[in-house]
Amino acid sequence: MKSVVTTVIAAADAAGRFPSTSDLESVQGSIQRAAARLEAAEKLASNLDNVAREAYDACIKKYPYLNNAGEANSTDTFKAKCARDIKHYMRLIQYCLVVGGTGPLDEWGIAGQREVYRALGLPTAPYVEALSFARNRGCAPRDMSAQALTEYNALLDYAINSLS
Amino acid sequence: MLDAFSRAVVAADASTSTVSDINALKAFVASGNRRLDAVNAIASNASCMVSDAVAGMICENQGLIQAGGNCYPNRRMAACLRDAEIILRYVTYALLAGDASVLDDRCLNGLKETYAALGVPTTSTVRAVQIMKAQAAAHIMDTPSEKFAGAKLRKMGSPVVEDRCASLVAEASSYFDRVIAALS
């Protein structure tokens, strides 16, 4: 799993040397920024279900045709799966906040995403709408500190870009 | 390769839940500078630690440097020093990451079988690792032994905290123990 620490170690290992001062400094930089993202991760985890539910509702509101017979949100099973997908994205974003990089989203969310949605005939626009809603819903300092919100929004932007 | 953060993520993903134990990670972050000092203490003294550990191993078993011993001739002694440095290096990586996966995947996996095939004596290797374990503890606590170091005594001089980084000493020791367990 890619993070600052593992990247530094992989580079040091490739050169066969002990961690150098500059290696330690880049790890220190990552640790200093960790407080904000851990705060965001904590807040998101405590409210993940509601955040995902609101995002899901917003995208169905914008694309009501999804409720029509034969569409992706038509039956109860489909609805549950749509809501679950949004929740998956929010969970992966929480992982990214914990790790301090986009590794979890890249490996477990984005890799193969295009192929899966094409094979299942799912539109990506509703996903974009759901994540965009979450992107604009967060508010500092009501939900979390400004720095934490920046980290959180950056990851939502990253996920939105991967779907666009 | 995982670190303390990605380990928590992989564990949470196994049950499709969010990472809930954020406090453990906050503690990791809070003691981050101590960890970096510990890594620096080992990395800065690595060559000394390695040569001392191998020399100590040979002192206790002179047969190693006599004809037919595993550290004779120089070519094999050099291989021994190189291997001790490699092991110490991966332990340092593990300490930096806060997770043993890099040590397991890149160093210990198959090491025992390789040494068995090459006829490297396990007991001697384990002894050298044990010496490095004691040295690492001394360097992390910044309490190198004046009695043994003599004129070569070298202190890191990093700010000393109350518990002398006891948790990091325990963590580093656990990685050395992992090496010993993998070899024996």
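This is a predicted model: local features need pLDDT of at least 70, side-chain atom pairs count only at pLDDT 80 or more; totals for chains, interfaces and linings use all residues.
1. Let's begin with chain A.

2. Next, the dimensions of chain A. Its C-alpha trace spans about 60 × 40 × 20 Å along the principal axes. The chain has 164 residues, and 46% of them are buried. Its accessible surface is about 7,800 Å², with 54% of that belonging to carbon and sulfur atoms.

3. How does chain A connect with itself? Take the contacts between residues at least 6 apart in sequence: 68% of them join residues at least 24 apart. As for charge, chain A carries 18 positive and 18 negative side chains, and the centres of these two sets lie 4 Å apart.

4. Now turn to chain B, where the pattern along the sequence reads α-α-α-α-α-α-α-α-α-α. Here you will find 10 helices and 0 strands. The C-alpha trace of chain B spans about 60 × 40 × 20 Å along its principal axes. Of its 184 residues, 45% count as buried, and the accessible surface comes to about 8,900 Å², 53% of it from carbon and sulfur atoms.

5. Chain B can be described in the same terms for contacts and charges. When residues at least 6 apart in sequence touch, 72% of those contacts join residues at least 24 apart. There are 18 positive and 18 negative charges in chain B, and their mean positions are 6 Å apart.

6. Which residues touch the most other members of the largest nonpolar core? They are Met90(A) and Tyr152(A), in a core of 110 residues. Helix 5 of chain A (residues 76–99) provides the largest share of this core, with 12 residues. As background, nonpolar side chains in soluble globular proteins tend to be buried together.

7. Tyr152(A) deserves a look of its own. Setting aside neighbours within four places in sequence, its contacts include Ala40(A), Leu44(A), Val51(A) and Met90(A). Ile93(A), Leu97(A), Ala134(A) and Met144(A) are also among the residues in contact with Tyr152(A).

8. Over all chains, the structure holds 6 aromatic pairs. One of them joins Tyr117(A) and Tyr127(A): the ring centres are 4.7 Å apart and the planes meet at 20 degrees, so the pair is stacked, as the angle is under 30 degrees. Tyr117(A) sits in helix 7 (residues 113–120) and Tyr127(A) in helix 8 of chain A, so this pair ties together parts that are 10 residues apart in sequence. Both Tyr117(A) and Tyr127(A) are buried. Together with Tyr89(A), these two tyrosines form one aromatic cluster.

9. Is the pair of Phe5(B) and Phe28(B) stacked or edge-to-face? This pair is edge-to-face, with 5.4 Å from centre to centre and 80 degrees between the planes. Phe5(B) belongs to helix 1 (residues 4–14) of chain B and Phe28(B) to helix 2 (residues 22–30), so the pair ties together parts 23 residues apart in sequence. Phe5(B) is buried, with a relative accessible area of 3%, and Phe28(B) is buried as well, at 11%.

10. Finally, find Glu129(A) in helix 8 (residues 125–137) of chain A. Why does Glu129(A) count as buried? Its relative accessible area is 18%, and buried means under 20%. Leaving out residues up to four places away in sequence, Glu129(A) touches Ala58(A), Cys59(A), Lys62(A) and Tyr63(A).

How values were computed:
Residues are numbered from 1 along each chain as its sequence is written. Chains are lettered from A and ligands numbered from 1 in the order in which they are written. Side-chain values use heavy atoms; hydrogens and water are left out. Helices (H or I, at least four residues) and strands (E, at least two) are DSSP runs, numbered from the N terminus. Buried means under 20% relative accessible area, exposed over 50%, partly exposed in between (1.4 Å probe, protein chains only). Contact means heavy atoms within 4.5 Å. Accessible areas come from the Shrake-Rupley method with a 1.4 Å probe; for residues, only the protein chains shown count as cover. Lys and Arg count as positive and Asp and Glu as negative; His and the chain ends are not counted. The place of a charge is taken as NZ of Lys, CZ of Arg, CG of Asp or CD of Glu. A nonpolar core is a set of buried Ala, Val, Leu, Ile, Met, Phe, Trp, Tyr and Cys residues joined through side-chain atoms within 4.5 Å. Rings of Phe, Tyr and Trp (its six-membered ring) pair if their centres lie within 6.5 Å; planes under 30 degrees apart count as stacked, over 60 as edge-to-face and the rest as tilted.
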